Amino acid sequence: MAKKTFQRPKGTADILPDQVYQWQKIEAVARTLFDRYGFGEIRTPIFENFEVFARSAGDTSDVVTKEMYDFDDKGDRHMALRPEGTAGVVRAYCENKLYGPEHEKPYKVFYMGPMFRYERPQAGRFRQFHQIGAEAFGSNSPALDVEMIAMVVDYLKNLGLKNLTVAINSLGDAQSRAQYRQALIDYLKPHFDELSSDSQIRLEKNPLRVLDSKAPQDQAIVAQAPSILDFLSSSSAEHWQAVQILLDQLNVSYEIDSSMVRGLDYYNDTIFEIMTNDESLSGAATIAGGGRYSGLVEEFGGPATPGVGFAIGVERLLSLLAAQGQLPACQTDVDFYIVNIGDEAQVASLAVTQQLRYLGYKAQRDYLDRSAKAQFKSANRIGARFVITIGASELEKGVVALKNMASGQQHEISLNELAEAVPTIMQAASQGE
RNA sequence: GCGGUAGUGGUGAAGUGGUUAACACACUGGUUUGUGGAUCCAGCAUGCGAGGGUUCGAUCCCCUUCUACCGCCCCA
């Protein structure tokens, strides 16, 4: 009878050291770049009261209606694992009164971490996934919208990604959207029977969603539908124009997609997505998305404060980097590998290994009493630059055998002088490369 | 939540209702009683996702379940 084994929960992943190395690289790039744009990192809880998400995302959004990873805790509180980052950040913004006069405006923060959505895993989609996101509060300036878009583009370029499309659209303000919504319904109603069954339901619940249906019969109808851009109020239209002008100024290329609708209900005015046409991510082409929202801070009890934000899907980003051959190379280089032969060499090899580490070098040794050959194989495999061999004969002479793995040359060096000699040895080896 | 495909060792995989589950890579040991990317030799799945059932007998047939992958919905 085999022992009971365990599997990780559906839709989750173990991220092993070699991968974590890649993660840390792209996280580091984000940290330094976002810092340059004046964003500070914020860390909010991974779970919140269910209401925090329900209220922000909107009652008709799928995130709330069927994808929430929620549970009741031991105090009968209805909690939920965060499905996205914005709600928690807005909650923290209000709770910590970051709208206060002592804080610089706009108030800019970024975050990175796991998000949870209870859904069926598939390409680029997991139950636990990760986002790198940013939010800025307290300014209505279209320049801020543009800065957010530019920052994402800057970031992705820094990582070496190519062939990305920036799609933008405007959802207008509440008034614009209400008018458009009615116009859209008026247009779609006569075509009701031609729509896919999904879209027939959408028409009832959230007509804007019909716009990004993938069903061919829907797309044909949608193509003739009125555009929201024709329903923008004067202030929204002005904002929309300014965003385009500023993007042009920055030479950020973009496409206007008037049928783009984002999944969360809180957006208004500018929304954007960064998409790839890479086939490996065909079902999950959006690697980053965001937009402007107002009303959210108010909803959480703060003063009326506009916000803009975006989130990047880390798993999608990573798989796109892999597809484009841009994953940062994993460095496994080790400075020293200490080969020890025989019981009498154990103490000395431990001492030497530690000595080298104290000096700031990466040093590894064998713990399995393996043959010298096997130990050299390990040294070779992990890319050790030098091998130090310690056995009975070396101990007798008070020396250590030092071998340069690249040149194959080996010479003895006094155990006492090792610490002093190592820096020049390392330097000489680096110059020889 | 719905639909499709799949699940054999550390990895990639072949395979059949019936005594020893190919092959390759990796790994370990040996050839060299203490020296690395080569050659050669040897070892390496009492088990074929899990649990039931059919059968004299199942990894191969049936059911259930879990997981992965792909698609819908939706989204990062």
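What follows is a chat about why parts of this predicted model get the labels they do.

Me: Why is the ring pair Phe-34 and Phe-310 called edge-to-face?

Reply: The planes of Phe-34 and Phe-310 stand at 80°, and planes over 60 degrees apart count as edge-to-face. The centres are 6.1 Å apart, within the 6.5 Å that a pair needs. So the pair passes on distance and gets its name from the angle. A search of the whole structure turns up 14 aromatic pairs.

Me: How do you know whether Phe-34 and Phe-310 are buried or exposed?

Reply: Look at relative accessibility: Phe-34 has 0% and Phe-310 has 3%. Buried means under 20%, so both residues count as buried.

Me: Which residues touch the most other members of the largest nonpolar core?

Reply: Phe-34, Phe-39, Tyr-155, Phe-310 and Leu-317 do, in a core of 60 residues. Helix H5 (residues 142-158) gives the most to this core, nine residues. Apart from it lies another core, of 32 residues, including Val-90, Ala-92, Phe-137 and Tyr-293.

Me: What does Phe-310 touch, leaving out residues up to four places away in sequence?

Reply: Its contacts include Phe-34, Tyr-111, Ile-132, Met-148, Met-151, Val-152 and Phe-272. Glycines are on the list too, among them Gly-289 and Gly-290.

Me: Which residues do ring pairs link into a cluster?

Reply: That would be Tyr-93, Tyr-99, Tyr-107, Phe-137, Tyr-266, Tyr-267 and Tyr-293.

Me: What makes Arg-127 a charge over the ring of Tyr-118?

Reply: The charged end of Arg-127 is 3.9 Å from the ring centre of Tyr-118, and the distance cut-off is within 6 Å. There is an angle condition as well, within 35 degrees of the ring normal. Arg-127 is listed as sitting over the ring.

Me: How do you know that strands S14 and S15 pair?

Reply: Count the bridges. Four of them join S14 (residues 384-390) and S15 (residues 399-404) in the antiparallel sense, and at least two are needed, so the two strands pair.

Me: What about S15 and S16: how many bridges join them?

Reply: Five, and S15 and S16 (residues 410-414) run antiparallel. Leu-402 has His-411 as its bridge partner in S16. S15 and S16 make a hairpin with five residues between them, and Gly-408 in the turn has a positive phi of about 85°.

Me: Why is Ser-414 called partly exposed?

Reply: Ser-414, in strand S16, has 22% relative accessibility. Buried means under 20% and exposed over 50%, so 22% falls in between and Ser-414 counts as partly exposed. Beyond its neighbours within four places in sequence, Ser-414 is in contact with Gly-398 and Val-399.

Me: And why does His-191 count as partly exposed?

Reply: His-191 has 23% relative accessibility, which also lies between the 20% and 50% limits, so the label is partly exposed. You'll find His-191 in the loop between helix H6 (174-188) and helix H7 (197-205).

Me: Where do the two domains of chain A run, and what separates their centres?

Reply: Domain 1 covers 17-173 + 233-323, and domain 2 covers 334-431. Their centres, taken over C-alpha atoms, are 50 Å apart.

Technical notes
Residues are numbered from 1 along each chain as its sequence is written. Chains are lettered from A and ligands numbered from 1 in the order in which they are written. This is a predicted model: local features need pLDDT of at least 70, side-chain atom pairs count only at pLDDT 80 or more; totals for chains, interfaces and linings use all residues. Side-chain values use heavy atoms; hydrogens and water are left out. Helices (H or I, at least four residues) and strands (E, at least two) are DSSP runs, numbered from the N terminus. Buried means under 20% relative accessible area, exposed over 50%, partly exposed in between (1.4 Å probe, protein chains only). A nonpolar core is a set of buried Ala, Val, Leu, Ile, Met, Phe, Trp, Tyr and Cys residues joined through side-chain atoms within 4.5 Å. Contact means heavy atoms within 4.5 Å. Domain bounds come from an automatic or database domain assignment. Rings of Phe, Tyr and Trp (its six-membered ring) pair if their centres lie within 6.5 Å; planes under 30 degrees apart count as stacked, over 60 as edge-to-face and the rest as tilted.
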